[in-house]
Amino acid sequence: MEAKRVVVSGMGAVSPYGLGVDIFRDNIVSGISAVKLINDFDVSNLPTKFAASLDLSNTELSRYIRPPKAVKTLSRSGMMASIAANEAMSDSGLKTDNLNPYRLGTSIGAGGVGLWDLDHSNNLLDVFLKSVEVSNGIKLNNSTIWANVLSHIHPLTPLKGLSNIPTAHIAIKYNARGNCQTITTACTSSAQAIGEAYRQIKYGIADIVISGGSDSMINPYGLVAFSMLGVMSTNNADWQTAARPFDRRRDGFMIGEGAGIVILEELEHCLRRGAPPYAEIVGYSSTNDAFRLTDEPPEAWGSIAAIKAALKDAKLNADSIDYINTHGTGTKINDKAETHAIKAVLGKHAYRIPVSSTKSMIGHLVAASGVIEFIACVLAMREQIVPPTINYLEPDDDCDLDYVPNVAREKKANVILSNTFGFGGQNACLLIRRIE
Amino acid sequence: MSNIPDEHEIFGKLKNIIVSALMVDSDLVTQEAKIFNDLDAESIDIVDMRFQIEQTFGLKIDQNEMLKSLGENLDAYEVREKFTVGWVARYISDKLKSVVQS
């Protein structure tokens with residue numbers, strides 16, 4: 001069977017700037033940082049006190065959810081996915097009544113979905129405190145704790161915390177009866193979700209896949225988890241500019257939150273209904289370093305293999321790439337390794353093209369980083385402006401490419417590469433091409 | 001002196017619970033309203049309702065036992081017909097009385 005061509009026909013986003021693709025685009029093109037001091041919970045005893053958080057409470061987000069009842073089983077991250085899906089489907093112009101539901105699927109990247117959302121964390125801690133026995137000295141009674149959890153924590157909480165619930169809500173809302181999946185591979189989750197959706201359409205399994213992902217870990221559990229691993233910036237003194245990928249002074253990533261959904265559609269299906277596609281996905285790779293859980297392998301062999309594999313899938317040479325949106329977390333290791341990988345694959349061409357990190361502005365959206373940066377790539381292609389790497393003031397000898405320092409740049413990019421690398425040695429690369 | 005809420009108060013609190021759990025308009029929550037058929041409840045909504053009833057009235061409710069007490073050997077259709085707001089209000093009232101008596 002001949003491989004089908006796959007295009008992006010709709011997009012939706014929830015970013016730390018707010019709801020919608022437009023606000024995302026306006027801010028990244030203007031080089032605006034979404035960084036804020038964390039004030040939803042007490043971080044005085046934690047090493048990182050800032051994040052790129054969305055200034056909307058769960059109650060405010062819940063007002064956008066349809067049907068309203070879905071809120072009961074949607075975590076903060078799940079609500080973001082739903083809102084982004086709503087925008088993307090509306091943007092695509094697709095009417096679900098006209099679609100074969102068995103050829104419509106979902107493919108959503110998810111991470112720490114909701115088990116440790118702020119509300120739930122606080123409720124759980126209250127239960128722990130109630131479970132203290134004082135009769136024989138102060139002692140926590142484990143058996144009582146779990147009995148109290150059963151009695152006092154809302155029984156739908158486990159559903160909120162299940163990683164496949166966002167995809168389930170999207171499938172129900174849009175009557176997607178085809179292959180619906182959730183991918184949890186840390187930072188590569190939503191990039192892989194898009195890539196696997198692309199493969200399903202390419203190989204004739206689906207006509208349309210609602211794909212992307214969401215994540216929201218700006219809560220005590222998320223902050224503590226990443227702090228334990230020593231990967232977040234602790235530059236609280238300079239928090240406004242601490243997210244500085246590729247800069248010599250970088251000390252880790254800034255965490256963000258949000259969601260992105262892209263509607264992937266078979267090209268002919270899209271053209272038949274008269275919808276203008278945004279871009280064509282021409283290449284995807286998913287590889288694993290098979291080395292260690294968090295260390296980069298020597299000479300970045302995993303990232304190199306991933307970029308090469310995406311180019312091979314696209315049947316493109318490395319010098320056809322016009323812009324790279326990097327994983328660019330701002331950790332010492334990633335930025336150096338990624339720079340090395342780009343140079344290893346592109347050779348001298350690496351020095352001729354812009355290479356930037358959106359994480360400098362919106363932080364690391366973890367499971368949603370792949371999709372939100374993919375959307376940044378589609379926007380860059382459509383609008384012919386590449387977003388900058390902000391807070392870039394001091395070059396690093398190990399990172400010597402053109403990172404589009406601080407100011408966006410006009411550039412007509414016909415082929416764009418989006419890199420995503422995650423814990424567990426996961427690598428995912430997506431290539432898009434201009435479609436006229 | 002009994003401190004069991006009267007039927008009016010029970011119904012009022014139950015109505016609030018149902019509006020919250022099922023996210024329906026308050027006007028639809030009448031004594032005769034069928035919780036599954038008229039108010040569009042699904043299984044997880046009953047779990048939610050049960051929890052809120054327990055928290056509000058200080059009861060312990062076994063969901064399966066509650067549904068079984070609708071009647072012996074009822075099929076799914078009959079359960080959906082009998083499970084009304086009014087029936088749940090009476091169930092809560094009976095439960096509260098039996099707690100006081102014991």
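Biologist: Which residues have the most contacts inside the largest nonpolar core?

Modeller: This is a predicted model. Its largest nonpolar core has 123 residues. Those with the most contacts inside this core are A:Val262, A:Leu264, A:Ile375, A:Val378 and A:Leu430.

Biologist: Which helix gives the largest share of this core?

Modeller: The helix in question belongs to chain A and covers residues 369-383. From there come 10 residues of the core, the largest share. The name of this element is helix α14.

Biologist: How many residues are in the other core, apart from this one?

Modeller: Among the members of the other core are B:Ile10, B:Phe11, B:Leu14 and B:Ile17. In total, this other core has 19 residues.

Biologist: What does A:Leu430 touch, leaving out residues up to four places away in sequence?

Modeller: A:Leu430 is among the residues with the most contacts inside the largest core. Leaving out residues up to four places away in sequence, its partners are A:Ala191, A:Ile194, A:Gly195, A:Ile281, A:Tyr284, A:Ala310, A:Phe374 and A:Ser418.

Biologist: Why does the radius of gyration of chain B agree with a compact globule?

Modeller: Chain B has 102 residues, and a compact globule of that length would have a radius of gyration near 13 Å. The C-alpha atoms of chain B fill a box of roughly 40 × 30 × 20 Å along the principal axes. The radius agrees because the value for chain B is 13 Å.

Biologist: What share of the residues of chain B count as buried?

Modeller: A residue is buried if 20 or more other C-beta atoms lie within 10 Å of its own. Of the 102 residues of chain B, the share that counts as buried is 23%.

Biologist: Which helix of chain B gives the largest share of its side that touches chain A?

Modeller: The contact takes eight residues from chain A and six residues from chain B. Of the chain B side, four residues come from one helix, residues 43-57. By class, that side has five nonpolar, no polar and one charged residues. The helix with the largest share is helix α2.

Key. Residues are numbered from 1 along each chain as its sequence is written. Chains are lettered from A and ligands numbered from 1 in the order in which they are written. This is a predicted model: local features need pLDDT of at least 70, side-chain atom pairs count only at pLDDT 80 or more; totals for chains, interfaces and linings use all residues. The radius of gyration is taken over C-alpha atoms; the globule rule is 2.2 Å times the number of residues to the power 0.38. A residue is buried if 20 or more other C-beta atoms lie within 10 Å of its own, exposed if 12 or fewer, and partly exposed in between; C-beta atoms are placed from the backbone. Two residues are in contact if their C-beta atoms, placed from the backbone, lie within 7 Å. Helices (H or I, at least four residues) and strands (E, at least two) are DSSP runs, numbered from the N terminus. Ala, Val, Leu, Ile, Met, Phe, Trp, Tyr, Cys and Pro count as nonpolar, Asp, Glu, Lys and Arg as charged, and the others, Gly among them, as polar. A nonpolar core is a set of buried Ala, Val, Leu, Ile, Met, Phe, Trp, Tyr and Cys residues joined through C-beta atoms within 7 Å.
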